[in-house]
Amino acid sequence: MTGEEIRQVVLDILERIAPDEDLSDLDDAVPFRDQMELDSMDFLDIVMELRKAYRVQIPEEDYQNLNTMGSTVEYLTPKLKDVPVA
Amino acid sequence: MALDDRIVITGIGLTAPNGNNLAEYRQNLLEGKSGVVDYETRYMPPVLAGVCNFDELRYQKRKEVRRGTRAGSVAVYCSHEAIADAGLDWESVDRSRVGVYLGITEHGNVETENEIYEISQFDYDTKVWSHHHNPRTVANNPAGEVTLSLGITGPHLTIGAACAAGNAGFIQAAQMLRLRECDIAVAGGISESIHTFGIFASFQSQGALATHEDPTKACRPFDVDRNGIVVAEGGGICTVERLQDAEARGAKIYGEIVGYAMNSDASDFVLPNSTRQAECIELALGRAGISADDIDIVSSHATATEQGDIEEATALRRAFEGTSAVINNTKSFIGHAMGAAGALELLGNLPAFDDGIAHATINLENQDSRCALPNLVANEPRNLGQVDYILNNSFGMLGINSVLVVKKYQG
């Protein structure tokens with residue numbers, strides 16, 4: 001997957017876990033939690049969805065890398081570069 | 001402590017397989033319209049069920065529906081409807097003085113089955129077991145979701161009482177109001193049971209799951225051709241208050257809870273016990289300070305199982321033989337709504353205080369002689385003219401019995 005494809009995957013996950021949010025203006029440089037209602041259980045949903053769809057294991061100490069869309073894509077790129085879009 | 005406070009029902013919210021508010025539900029009961037349909041559940045051939053179609057998004061965001069449970073959504077919908085119907089100025093209500101008491105038959109099976117199915121798609125890797133599982137399956141979940149949705153900070157709990165649970169919710173409300181634990185109770189019963197295959201499979205293994213080529217004719221309490229239970233979902237929730245509070249705010253009063261009782265068979269896991277049922281009825285009548293002669297409508301529990309109907313008919317003959325009380329059965333329309341059954345069956349009858357009509361027991365073509373009941377309202381509603389007392393039966397597995405007596409309010 002390319003960085004853009006990974007971004008779309010994460011965006012799709014966010015749309016599923018926060019279906020009432022308008023994510024069309026999501027700023028990749030701003031923390032998710034500053035732009036949308038996202039609590040710790042929602043955050044775990046992101047981790048879970050990635051695990052289910054792509055078997056990506058994200059250790060708890062790496063959660064800080066999922067702060068913004070930009071940092072999330074950067075963190076996931078090496079893990080998913082050889083994985084096709086599901 | 002004023003344990004003799006009079007307790008009244010002031011608001012009603014419900015969802016049933018044949019109606020999403022009291023007016024619609026009542027109309028369909030009077031018109032003989034069933035809510036039983038064909039239904040598909042996991043792993044099994046198609047079954048029959050009572051399915052509700054209320055608008056989950058009327059009072060919940062999509063995210064709340066996704067995070068919560070079906071039981072929670074049923075409870076949230078019914079609670080909001082009841083509070084709106086009660087005419088309460090919710091913003092000015094002291095919500096630390098509101099209690100939520102919801103009867104349930106079971107809870108958590110739906111979510112557990114869903115998670116097991118989900119991990120089966122991942123070779124049973126428990127790492128994909130949802131972190132939402134515990135908050136969804138704790139036994140207080142449906143009542144807790146109500147408090148979250150309505151900002152209620154008073155006590156909340158569910159009352160696990162098998163299929164006696166609907167009455168148990170109202171009884172708990174009356175007790176808590178009398179103990180001054182709350183000033184307004186949001187109470188009743190709910191069920192999401194059709195979303196677990198296990199309840200269907202278990203009844204089928206027990207030989208107690210109804211089948212019929214016409215779903216609307218499948219639930220046949222007291223009929224000789226009955227062949228089991230139709231599982232249903234639903235909710236019946238009321239605002240319940242002390243009479244003096246209700247009168248002080250000029251509330252509409254649907255009825256007064258004047259008597260109740262619960263007891264236990266202590267005889268079998270599954271088979272009911274007519275002696276204990278009759279004792280429960282007599283206990284409730286005694287507490288209401290009335291006799292069986294005073295009852296106008298008996299809302300029966302009968303689920304259309306072979307032995308269950310015989311046992312209840314036996315109990316009803318003991319309690320009501322020689323009286324003019326008529327007997328009806330709401331499950332014949334909607335199936336067995338489990339934790340909601342007692343509540344929905346009572347609420348379907350409450351409008352009789354205004355219109356004087358007892359709705360029928362449908363699908364009663366050939367009454368089983370072993371279920372002989374002299375005043376069973378069969379297939380067509382009966383105009384009684386005046387209805388002052390309704391007695392509502394609700395019984396459940398492990399031998400749990402509950403009876404509620406509600407009186408027409410005359411200010």
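This is a predicted model: local features need pLDDT of at least 70, side-chain atom pairs count only at pLDDT 80 or more; totals for chains, interfaces and linings use all residues.
Residues are numbered from 1 along each chain as its sequence is written, and chains are lettered from A and ligands numbered from 1 in the order in which they are written.

How does chain A compare with a compact globule of 86 residues? Such a globule would have a radius of gyration near 12 Å, and chain A agrees with its 12 Å; the radius is taken over C-alpha atoms, and the rule is 2.2 Å times the number of residues to the power 0.38. The C-alpha trace of chain A spans about 30 × 25 × 20 Å along its principal axes. Buried residues make up 20% of chain A. Buried here requires 20 or more other C-beta atoms within 10 Å of the residue's own, exposed is 12 or fewer, partly exposed is in between, and C-beta atoms are placed from the backbone.

Now to where the chains meet. Ten residues of chain B are in contact with eight residues of chain A, contact being C-beta atoms, placed from the backbone, within 7 Å. On the chain B side, these divide into two nonpolar, three polar and five charged. For those classes, Ala, Val, Leu, Ile, Met, Phe, Trp, Tyr, Cys and Pro count as nonpolar, Asp, Glu, Lys and Arg as charged, and the others, Gly among them, as polar.

Moving into chain B, the assignment gives domain 1 (7-248) and domain 2 (259-403), with bounds from an automatic or database domain assignment. Their C-alpha centres lie 21 Å apart, and 55 residues of domain 1 are in contact with 52 residues of domain 2. Which helix gives the most to the domain 1 side? That is α7(B), with seven residues. By class, the domain 1 side has 30 nonpolar, 18 polar and seven charged residues.

Next, strand β1(B), residues 7-15. Nine of its nine residues are buried, so β1(B) is largely enclosed by the rest of the structure. β1(B) pairs with β8(B), residues 234-242, in the antiparallel sense over eight bridges; pairing needs at least two bridges found by DSSP. In that pair, L14(B) has G236(B) as its bridge partner. Three bridges also join β1(B) to β9(B), residues 255-264, again antiparallel, and there I9(B) is partnered by G255(B).

There is also an open sheet of three strands in chain B, in the order β2-β3-β7, with mixed pairing. β2 (36-39) and β7 (231-232) stand at the edges with a single partner strand each, so one side of each is left without a neighbour in the sheet. β3(B), residues 47-50, runs parallel to β7(B) over two bridges, and A49(B) has V231(B) as its partner.

Last stop, helix α6(B), residues 141-150: eight of its ten residues are buried, among them N141(B), E145(B) and S149(B). What covers them includes α3, β4, α5, β5 and β6 of chain B. Just after α6(B), G151(B) takes a positive phi of about 65°.

Methods: Helices (H or I, at least four residues) and strands (E, at least two) are DSSP runs, numbered from the N terminus. Two residues are in contact if their C-beta atoms, placed from the backbone, lie within 7 Å.
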